[in-house]
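Subject: Structure handover

Hi,

Here is the structure I promised to pass on. Please open it alongside this note.

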Amino acid sequence: MSGNGASSSSLNMISGEDVVNNNLSALVVDDSPLLRLLHDIHLKKYGLKVQVAENGKVAVDLFHLGASFDLVLMDKEMPVMNGVEATKELRAMGVTSMIVGVTSKNGPGEQQAFMEAGLDYCFEKPLTPEIISFLLEELNKHNNKN
Amino acid sequence: MERNPMRRQLAIMRQSLFDQGHVDEQFVQLEELQDDANPNFVEEVVTLYYRDSARIILNIEQALERKPFDFRKLDAYMHQFKGSSSSIGAKKVKAESTLFREYCKSGNGEGCMRSFQQLKKEYATLRKKLGAYFQLARQAGPVETASRPK
């Protein structure tokens, strides 16, 4: 797990009720229908509006069409367009959403390449309630500043 | 302590899934996502897992029939399978997936085949146990809250 100062010991273990937010939207990008369902339900429980995309190209196309999301959960290995490429494209388009990489356990080199594509954080899948709470807390802080 | 005999039996079955190492903490997290809005969520996720992973298992079987082994492809398939298995907390299946991947990385074809046979056994055993568990759960009616195993 890596990110901008994110480590498992520094995660705030706050309850889900503290971060229920009906104003946030999320895009779950994963080629696995199972992971899409899991993250979809998980985020909806926290009050987010959720859309799903089965690969990086679908995600990029959504943004091209004018969609915007506060949070993007981006799987790394996907057909058509993988998470690294999709993240690079989104950042090149000027997308400022929080983009969180979600990977199976890989070597540190692979996660580093993913982070360098423009992620804000990268975590091992599936995301736990603690990690989701942390991400929403960070999103709320970011939104309160703007 | 459950007074209803069916719920008691359900609790015992559930505990044994953890005690026998078939599922891990991730299974509890699935249960915690189940609520009135999604009363059969865990069963739906597990059903989706078995549907999704059947395709991957077939891909691996076909890849193991082709010689020489394409270890990179086998590893990629198993990487995908392991990710799905982790998502439902399939502990023993995940462990065999890890072993298989280690054999792929070391180019050990015999090891891959042995490990894959064991993986399929664990996968089938888990399916049977979860099938029985969900069947009883449907008969017993909704359980109020998820609880961590003792």
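This is a predicted model: local features need pLDDT of at least 70, side-chain atom pairs count only at pLDDT 80 or more; totals for chains, interfaces and linings use all residues.

Residues are numbered from 1 along each chain as its sequence is written, chains are lettered from A and ligands numbered from 1 in the order in which they are written, and side-chain values use heavy atoms, with hydrogens and water left out.

Chain B

Chain B has six helices and zero strands. Helices (H or I, at least four residues) and strands (E, at least two) are DSSP runs, numbered from the N terminus. The order along the sequence is α-α-α-α-α-α. The C-alpha trace of chain B spans about 60 × 30 × 20 Å along its principal axes. Of its 150 residues, 47% count as buried. Buried means under 20% relative accessible area, exposed over 50%, and partly exposed in between (1.4 Å probe, protein chains only). Take contacts (heavy atoms within 4.5 Å) in chain B between residues at least 6 apart in sequence: 71% of them join residues at least 24 apart.

The interface

Chain B puts 20 residues into the contact and chain A puts in 18 residues. Together they bury about 1,500 Å², 67% of it on carbon and sulfur atoms. That area is the accessible area (1.4 Å probe) that two parts lose on being put together, summed over both.

There is one salt bridge between the chains. It joins the side chains of Asp35(B) and Lys45(A), at 2.6 Å from N to O. The term requires a side-chain nitrogen of Lys or Arg within 4 Å of a carboxyl oxygen of Asp or Glu.

On chain B, α2 (25-33), α3 (41-65) and α4 (71-87) each supply at least two residues of the side that touches chain A. α4(B) gives the most, with six residues. By class, this side of chain B has seven nonpolar, nine polar and four charged residues. Ala, Val, Leu, Ile, Met, Phe, Trp, Tyr, Cys and Pro count as nonpolar, Asp, Glu, Lys and Arg as charged, and the others, Gly among them, as polar.

The cores

A nonpolar core is a set of buried Ala, Val, Leu, Ile, Met, Phe, Trp, Tyr and Cys residues joined through side-chain atoms within 4.5 Å. The largest one has 45 residues, and Ile60(B), Phe81(B) and Ile88(B) touch the most other members. Two or more residues each come from α1 (33-45) of chain A and from α1 (5-19), α2, α3, α4, α5 (91-105) and α6 (109-140) of chain B. The largest share, twelve residues, is from α3(B).

Leaving out residues up to four places away in sequence, Phe81(B) touches Tyr49(B), Ser53(B), Ile56(B), Ile57(B), Val93(B), Ser97(B), Leu119(B) and Tyr123(B).

Two residues to look at

Tyr103(B) is in helix α5 of chain B. It counts as buried because its relative accessibility is 19%. Beyond neighbours within four places in sequence, its contacts are Phe71(B), Asn108(B), Gly111(B), Cys112(B), Arg114(B) and Ser115(B).

Asp75(B) is in helix α4 of chain B. Its relative accessibility is 14%, so Asp75(B) also counts as buried. With neighbours within four places set aside, Asp75(B) contacts Arg101(B), Cys104(B) and Lys105(B).

Best wishes
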